[in-house]
Amino acid sequence: MGQLLIIVVRSYQRFVSPLFPPSCRYYPTCSNYMVQALKKHGAFKGTLMGIARLLRCHPFVRGGYDPVPDHFSLKRSQRDTK
């Protein structure tokens with residue numbers, strides 16, 4: 001199931017994302033974050049983490065470096081954002 005979700009995200013990255021200007025506020029981008037979360041935490045938890053990240057991405061957020069945490073969490077990573 002996780003591989004199927006990764007294929008869906010990669011398809012989005014290849015075919016849909018190039019149609020819009022770059023506007024991601026985070027590094028890694030939300031789609032790359034989703035792929036990393038799926039690989040690290042599995043299909044269910046990775047999908048929840050990716051959706052939570054998409055919900056955090058809006059014009060009023062500061063953005064910056066936000067890696068996938070080693071332990072499951074729906075909050076932004078608390079690592080140093082330098």
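Biologist: Before the details, what are the ground rules here?
Modeller: This is a predicted model, in which local features need pLDDT of at least 70 and side-chain atom pairs count only at pLDDT 80 or more, while totals for chains, interfaces and linings use all residues. Residues are numbered from 1 along each chain as its sequence is written, and side-chain values use heavy atoms, with hydrogens and water left out.

Biologist: Let us take α3. What span should its 14 residues have, and how far apart are its end C-alpha atoms?
Modeller: Helix α3 covers residues 43-56; at 1.5 Å a residue it should span 20 Å, and its end C-alpha atoms are 20 Å apart, which agrees. The expected span is 1.5 Å times one less than the number of residues.

Biologist: Which residues in α3 are buried?
Modeller: Gly 46, Met 49, Gly 50, Ala 52, Arg 53 and Arg 56 are buried in α3. Buried means under 20% relative accessible area, exposed means over 50%, and partly exposed is in between, with a 1.4 Å probe and protein chains only.

Biologist: Where do the buried residues fall, seen down the axis of α3?
Modeller: They fall within an arc of 160°, so they line one face of the helix. The arc is that of the directions from the helix axis to the C-beta atoms. The face turned away from the buried side carries the exposed residues Phe 44 and Leu 55.

Biologist: And what do the buried residues of α3 pack against?
Modeller: They pack against β1, residues 26-27, and α2, residues 30-41. Contact here means heavy atoms within 4.5 Å.

Biologist: Salt bridges next. How many does the structure hold?
Modeller: There are 3 salt bridges, each being a side-chain nitrogen of Lys or Arg within 4 Å of a carboxyl oxygen of Asp or Glu. Asp 70 pairs with Lys 40, their closest N and O atoms being 3.0 Å apart. This pair links distant parts of the chain, with Asp 70 in the segment after β2 and Lys 40 in helix α2, 30 residues apart. Lys 40 counts as partly exposed, at 43% relative accessibility.

Biologist: Which residues are linked in a network of salt bridges?
Modeller: Arg 53, Arg 56 and Asp 66 are linked in such a network. The closest N and O atoms are 3.7 Å apart for Arg 53 and Asp 66, and 2.9 Å apart for Arg 56 and Asp 66. The latter pair links distant parts of the chain, 10 residues apart, with Arg 56 in helix α3 and Asp 66 in the segment after β2.

Biologist: Are Arg 53 and Asp 66 buried or exposed?
Modeller: Both Arg 53 and Asp 66 are buried, and Arg 56 is buried too.

Biologist: Changing topic, how are the rings of Tyr 27 and Tyr 65 placed?
Modeller: The count of aromatic pairs comes to 1. The rings of Tyr 27 and Tyr 65 have centres 6.1 Å apart and planes at 25°, so the pair is stacked. Tyr 27 lies in strand β1 and Tyr 65 in strand β2, residues 64-65, so the pair ties together parts 38 residues apart in sequence. By the rule used, rings of Phe, Tyr and Trp (its six-membered ring) pair if their centres lie within 6.5 Å; planes under 30 degrees apart count as stacked, over 60 as edge-to-face and the rest as tilted.

Biologist: How exposed is Tyr 27?
Modeller: Tyr 27 counts as exposed, at 59% relative accessibility, whereas Tyr 65 is partly exposed, at 36%.

Biologist: What of the peptide bond from Tyr 27 to Pro 28?
Modeller: The bond is cis, with omega near -5°. Most peptide bonds are trans. Pro 28 lies in the loop between β1 and α2.

Biologist: Finally, what is Leu 48 in contact with?
Modeller: Leaving aside neighbours within four places in sequence, Leu 48 is in contact with Phe 72 and Leu 74. Leu 48 and Leu 74 are 26 residues apart in sequence and 7.4 Å apart in space, C-alpha to C-alpha. Leu 48 is found in helix α3 and counts as partly exposed, at 32% relative accessibility.

Terms used:
Helices (H or I, at least four residues) and strands (E, at least two) are DSSP runs, numbered from the N terminus.
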